[in-house]
There are 2 protein chains.
Amino acid sequence: MEIIIAEEAGFCFGVKRALELIERLHEKGQNTQVFGQLIHNQSVLNDLAQKGIKTITTFDELKPDHTLFIRTHGIPKETEENIKNRGIAYVDATCPFVKKIHHIVEKIDQGNTRIVIVGDKNHPEIIAAKSYTADAIVVNSRTEAQAIPQGKPLAVVAQTTLNTGLFKEIVSVLLDKAEKIEIHNTICNATRVRQEAIRKLAPQVDFVVVVGGRNSSNTRKLYEIALEKNENTYFIEKSEDLNNQEFIEKIKHFQTVGLTAGASTPPGELDKIKEYFKKLKIDNIARR
Amino acid sequence: MEIIIAEEAGFCFGVKRALELIERLHEKGQNTQVFGQLIHNQSVLNDLAQKGIKTITTFDELKPDHTLFIRTHGIPKETEENIKNRGIAYVDATCPFVKKIHHIVEKIDQGNTRIVIVGDKNHPEIIAAKSYTADAIVVNSRTEAQAIPQGKPLAVVAQTTLNTGLFKEIVSVLLDKAEKIEIHNTICNATRVRQEAIRKLAPQVDFVVVVGGRNSSNTRKLYEIALEKNENTYFIEKSEDLNNQEFIEKIKHFQTVGLTAGASTPPGELDKIKEYFKKLKIDNIARR
């Protein structure tokens, strides 16, 4: 089996930075708790737990001698104010590309402009971004964009992990909604490059494996893009998921696999998958 | 033959206004010369000529006792300054929607922003609009847009008569070129409504006739849109063009015709075409 890894895959800048920051706290001997899952990857979370770094979901769980760690997705403005008012010591690992969206929407004069955030309204990144506006419309589909009333000038930002194709489609709809539109293409470069890489790779291989957390937004988009280009696309969370008879049955005639991973997938995971396919005893060439 | 006229067709606001302004000058007994063809319609130009209103292409042709008339397309900033400096009496019938583009591009801070004008670089409207910028890139296709270098924020305006579909396509390309894009959808409402109307009508009829000047930009776009939806689409300049054996041979089996006209086509022309088809003796129903 020939294994081709997409030119760009796995950990992004923001995730690497957050892991380095939390590692540094640990090395300094500071007890740390993370507000929400640091990244959507169970093995990384397990590693952290072994170091005593645990996830909390409410402030009440925060131990008095612990430092609060804010993950890459960012937190709503009110939550940050709350933390400050309570005098809680914290380290903010919000991805700088996510933070930039807060700055952009905060500066827009909402008296004259309607803010449109393109992304998943239930994703923590978007909940946080929206908190920096007095009011914003969140849309995640062509249909939702079509429902925006005509008139007021628009200012548009995007979830950092948005599918670039969907962003373009939605902008195309918005062009009919206002005479003036200020577009901030805040899809982060890692997302763009990764999506471009799998868009290119998927049609060139027999099947595709996308690795990442089930609830990782950017991984899901890689999966969708790959699936569009190659119907034999599989979404797995970890290398162990491949060890599955039904899956092996399906891929046994294939000779090439394309591999990509979401921004929260550690490099070790990709190595394990590579190993798995190398060892997989499928006499596929003989069968062709 | 059933004749269906597109919901919106013919003279637009700017053209009607210009014709009213020139008519008023004529009624007041002012001798007038027009700088460039007033509209792309020969019969209207002939009517004007009969009233003694002629087209000039250089200032040297302007008679001392004549008023200069500026047509809807507008003129370059330098030309207007030249007119003012020479003390030439003039009436400016530049379409207000065209003038708006001059105001928009003039206000953009070009130190930080690259101006992109979407339209035909040889059309007088675009030549005039560009004169209000220190520097602007004019693009009229996806390929031309792709050649724009990445980086600087962009500000985008469109020719008032642009095909809305092409505008969307080009914006989609530009989204990859800069993180911030300020889009002014300056395609005029008449253009949008007309294009929408023929886009709707063309697939519902057996054949389409588009009326307008060969060098009328907005008519050409109506033709392109109709042709996309109905391969039996004909571009004519005047009702007389229909009186053509080859054309009659082609349409003799058809029962319904859709009709539209560019912004410079007078209502009388549409009436003449209607009459023509009514009188056309084609026993098409019997043949089916």
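Chain B and chain A bury about 1600 Å² between them, 48% of it on carbon and sulfur atoms; buried area is the accessible area (1.4 Å probe) that two parts lose on being put together, summed over both. Lys168(B), Leu175(B) and Glu179(B) supply 39% of the area that chain B buries against chain A, more than any other three residues. This is a predicted model, in which local features need pLDDT of at least 70 and side-chain atom pairs count only at pLDDT 80 or more, while totals for chains, interfaces and linings use all residues. Residues are numbered from 1 along each chain as its sequence is written, chains are lettered from A in the order in which they are written, and side-chain values use heavy atoms, with hydrogens and water left out.

**The interface between the chains**

- In chain B, 16 residues are in contact with 16 residues of chain A, where contact means heavy atoms within 4.5 Å.
- Between chain B and chain A there are 4 salt bridges (a side-chain nitrogen of Lys or Arg within 4 Å of a carboxyl oxygen of Asp or Glu).
- Glu179(A) forms a salt bridge with Lys100(B), and their closest N and O atoms are 2.4 Å apart.
- On the side of chain B that touches chain A, α7 (164-174) and β9 (180-184) of chain B each give two or more residues; helices (H or I, at least four residues) and strands (E, at least two) are DSSP runs, numbered from the N terminus.
- With 5 residues, β9(B) gives the most to this side of chain B.

**Strand pairing across and within chains**

- Strand β9 (residues 180-184) of chain A and β9(B) run antiparallel and are joined by 5 bridges; two strands pair if DSSP finds at least two bridges between them.
- The bridge partner of His184(A) in β9(B) is Lys180(B).
- Within chain A, β8(A) and β9(A) pair in the parallel sense over 3 bridges, and Leu154(A) has Ile181(A) as its bridge partner in β9(A).
- Strand β6 (residues 114-118) of chain A also pairs with β8(A) in the parallel sense, over 5 bridges.

**Burial of strand β8(A)**

- Strand β8 (residues 154-158) of chain A is largely enclosed by the rest of the structure, because 5 of its 5 residues are buried (under 20% relative accessible area, with exposed over 50% and partly exposed in between; 1.4 Å probe, protein chains only).
- Leu154(A), Val156(A) and Ala158(A) point one way from β8(A), Ala155(A) and Val157(A) point the other way, and all are buried.
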